[in-house]
Amino acid sequence: MYQARDKVFWFAILSRITVLVLQMVFNAICPDHNADAFRMPIDPTEKHSYLDDIVTFIFGGLTRWDAQYYIHIARYGYTYENTLAFFPLFPMLMRFVAMVFQVEPPILNYTSTIVISGFVINFVCFVKAALILYDLSELVFKNTKVAYRAAILFCINPASIFFTALYSESMFAYLTFYSILESLNNNPCVFFPLGLSSLVRSNGLINIGFPVYVWIKSMLVTSIPNFMLEFIHYHGNKSSLFFDLRHIFISIAHVFFMFTFSVLPFLYLQMYNYVRFCKLETNDTMLPYHVQQYAVDNNLLILGKTEFPWCNSKIPIAYSYIQDKYWNVGFLRYYQLKQIPNFVLAFPVLYLMLKCSIEFFKEHKSKFGTSEFFTGIAKKQKSDNEKYPLEMFVFVVHGLFLTIFCIFFVHIQVSTRLLCSASPLLYWFCALVTMPKSKLSKAIKEIEYDSQENIFSKWKVFFLTQQEYSPVEKILFGYFSAYVIAGCFMYSNFLPWT
């Protein structure tokens, strides 16, 4: 018999192998679309052996679209202005692992080694993210079945291809879920994964809200009420009042240092970009000829060859400027008739996130405005009719913010992979609405997180072996599965996808 967490581990591995095989088959049987997209400049001096051809055959479908930027940064660093839109932790780790993998004499060329390194990093990060999501779900819901189903659904999430391709989604999901879990566990070193997440994606900075929320909740529940009580009753115990004041001061100092150390990596990255692109002289850059020629051929602004307008801004941060210039990212800019297919692609995940948020607030509307609501600590035991625990409050606020941001600001098709990698809310909602109704006791429910047959198998899980499916299950499981398969086909052949 396998425990729920063990089954999540094995199914996470199986799901990544399945995605790898699917993209390899689709890439082999269909010719690549000639997309108008960035392609890493090819080094004419790099040798290409038979083993490199095998690597290209197996992993080539994982190197489309933005993956080309990550491979380029891993190999050459930040060379063109538009590469600054991609944060450095993932490509720099790819470079480091590639250096470890390299042997003398080399069996594979450097590009092939980088591609393999990116796949290995994402494979490990994805499995870790699935396990941490399971732990986080169990902490919030205190229910093994919900945690198990949520983690299994994460393994087949609609953006699965991006969690295996050379994108930063798997690493970001891992760091995000880990940061949230350690925030809820009051880990004083939570600033470390928080800081790293801000070096993977810009919205990693939003994760700082979780430890801040935990701190505010702690103050509301313990220190501040006690302090105010002692302050109002002036004749109260002075030593107790001193203890509360000291505790509040220590808490404020702790959250201040946590916040500071969490944003320092992001601030350092902006300083590094400014110095490298705005202060270095032309003679300080030693870029290969083919890299420089690619910039000329494709009208790209290259490091050390020009002046960049964002360098003269009051706050010289390149990211927002580049998103505006190269990708036309901005408020309502994507609302065009020709983008209707992309809105259709993004609609399911946006609908599910909004529906979960609305249902949560409706269920707990009687508690709105009370300390019970905002602290996420119920004063009475949860009733059997309640679907969403109050502990979900901060997750709903976080998920709702990201959803609204996606609707109004980003390229709408990106919503699927952005939300799938940044919030556990989608998986919790889908786990809850597909939960089978059982008349068994709660104790038995906790043990039998899956069917009797499945708990003795590493690979069999509920959505593959059910005899009957409710209409909701058919829609949700169909949505997840269809996007996995369609994503592998579209992405691996350089066709537009989410």
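This is a predicted model: local features need pLDDT of at least 70, side-chain atom pairs count only at pLDDT 80 or more; totals for chains, interfaces and linings use all residues.
Residues are numbered from 1 along each chain as its sequence is written, and side-chain values use heavy atoms, without hydrogens or water. Local features need pLDDT of at least 70, side-chain atom pairs count only at pLDDT 80 or more, and totals for chains, interfaces and linings use all residues.

**View 1. Helix α21 from end to end.** Helices here are DSSP runs (H or I, at least four residues), numbered from the N terminus. With 22 residues, α21 reaches 31 Å from its first C-alpha to its last, close to the 32 Å expected at 1.5 Å a residue (1.5 Å times one less than the number of residues). Its buried residues include Leu476, Tyr479, Phe480 and Tyr483 (under 20% relative accessible area, 1.4 Å probe, protein chains only). Just after α21, Phe494 takes a positive phi of about 60 degrees.

**View 2. Helix α14 against α21.** Helix α14 (residues 340–363) packs on α21 (residues 471–492) at about 135 degrees, with the axes 12 Å apart. Val344, Leu345, Pro348, Val349 and Leu352 of α14 make the contact with Leu476, Tyr479 and Tyr483 of α21 (heavy atoms within 4.5 Å).

**View 3. Helix α18 against α21.** Helix α18 (residues 425–433) and α21 pack at an angle of about 145 degrees, with their axes 10 Å apart. Here Leu426, Cys430 and Val433 in α18 meet Val472, Leu476 and Phe480 in α21.

Key. Axes are lines fitted to C-alpha atoms, for helices over the stretch in contact, and angles run from 0 to 180 degrees between N-to-C directions. Helices (H or I, at least four residues) and strands (E, at least two) are DSSP runs, numbered from the N terminus. Buried means under 20% relative accessible area, exposed over 50%, partly exposed in between (1.4 Å probe, protein chains only).
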